[in-house]
Amino acid sequence: MDLGLAGRRALVTGAGKGIGRSTALALHAAGARVVAVSRTQADLDSLVHECPGIEPVCVDLGDWEATERALGGVGPVDLLVNNAAVAVLQPFLEVTKEACDRSFDVNLRAVIQVSQIVARGLVARGTPGAIVHVSSQASQRALTNHTVYCSTKGAIDMLTKVMALELGPHKIRVNAVNPTVVMTPMGQVNWSDPQKAKAMLDRIPLGQFAEVEHVVDSILFLLSDRSGMTTGSTLPVDGGFLAA
């Protein structure tokens, strides 16, 4: 299926690994011109080696001033995927200021900042666009030791709706995808314990974790004109977890 992404310029954050990397590669394969953002230069180097047409930008999105310097002059962007995030897991009674600051800086504040940069450019050009935030099932269900992470993702879901409301008149659509556990290399490590995995799988009607492609395909659909009347939505990619 042709999603009509060819020739459009897309920016993907957290593009060095996992969902972000696969999204950047899929967008490039669909004919988009891709700007890949990561804080890890080695990951960007390997990505560009794998796919030489991708434009790398190395910056820590938790640093507001550095992000402004790195992306303020990035040029016209039609499509944005806010994927970069951190997960600092602590019991509620042990949550630290450092965990709060780092998590909200990257998971929420950076999403606002990068979205502002892209949306201001779209409005100035009078061009329609699409933004997709990578949220989580943890935005809508409490998970033990995920106080800060759940809170940041809950904030992303509401940010999605407010952005959709305010940017809709400019023909900029804003949606989120809300995956369950995804079998990225990190996901495979974190959920390799059969007992831990079973506890989560028992809550998923389809009885399996998501593959990276499940999430990437949903992102590409929401970026494309195939979802031209969809904005302000939070799309579960969770095998029915949120329905159970």
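The discussion below sets computed values against the definitions of the terms.

Tutor: This is a predicted model, in which local features need pLDDT of at least 70, side-chain atom pairs count only at pLDDT 80 or more, and totals for chains, interfaces and linings use all residues. Residues are numbered from 1 along each chain as its sequence is written, and side-chain values use heavy atoms, with hydrogens and water left out.

Student: What makes residues 18-29 helix H1?

Tutor: Helices (H or I, at least four residues) and strands (E, at least two) are DSSP runs, numbered from the N terminus. H1 has 12 residues. The expected span of a helix is 1.5 Å times one less than its number of residues.

Student: Which residues of H1 are buried, and what covers them?

Tutor: Ile19, Gly20, Arg21, Thr23, Ala24 and Leu27 are the buried residues. Their cover includes strands E1 (9-13), E2 (33-38) and E4 (79-82), together with helices H2 (41-50) and H8 (212-223). Just after H1, Gly31 has a positive phi of about 100°.

Student: What is the relative accessible area of Asn175, and where is this residue placed?

Tutor: Asn175 belongs to strand E6 (residues 172-179). Its relative accessible area is 0%, so Asn175 is buried. Contact means heavy atoms within 4.5 Å. Leaving out residues up to four places away in sequence, Asn175 touches Ile131, Val132, His133, Thr160, Leu222, Thr230, Thr231, Gly232 and Ser233.

Student: What makes the pairing of the Asn175 and Ser233 side chains a polar contact?

Tutor: A polar contact is a pair of N or O atoms within 3.5 Å; within protein, one must be able to donate a hydrogen and the other to accept it, and residues adjacent in sequence count only if both atoms are side-chain atoms. The side chains of Asn175 and Ser233 make such a contact at 2.7 Å. The Asn175 side chain also reaches the backbone oxygen of Thr230 at 2.9 Å.

Student: Where is Thr231, and which residues does it touch?

Tutor: Thr231 is in the loop between H8 and strand E7 (234-237). At 39% relative accessibility, it is therefore partly exposed. Beyond four places in sequence, Thr231 touches Ala164, Ile172, Arg173, Val174 and Asn175. A polar atom of its side chain lies 2.9 Å from the backbone nitrogen of Val174.

Student: What volume has the largest pocket, and which residues are closest to its centre?

Tutor: On a 1 Å grid over the protein atoms alone, a pocket is an open set of points where a 1.4 Å probe fits, with protein on both sides within 12 Å along at least five of seven lines; lining residues have an atom within 4 Å of a point. Grid points are joined across faces, edges and corners, and a volume is the space filled by probe spheres set on the points. The largest pocket has a volume of about 1,500 Å³. Of its 47 lining residues, Ala85, Val86, Ala87, Tyr149 and Met186 are the closest to the centre. Helix H6 (185-190) is among the elements that each supply at least two lining residues, and its 4 residues are the largest share.

Terms used. Buried < 20%, exposed > 50% of the residue type's maximum accessible area, 1.4 Å probe, protein only.
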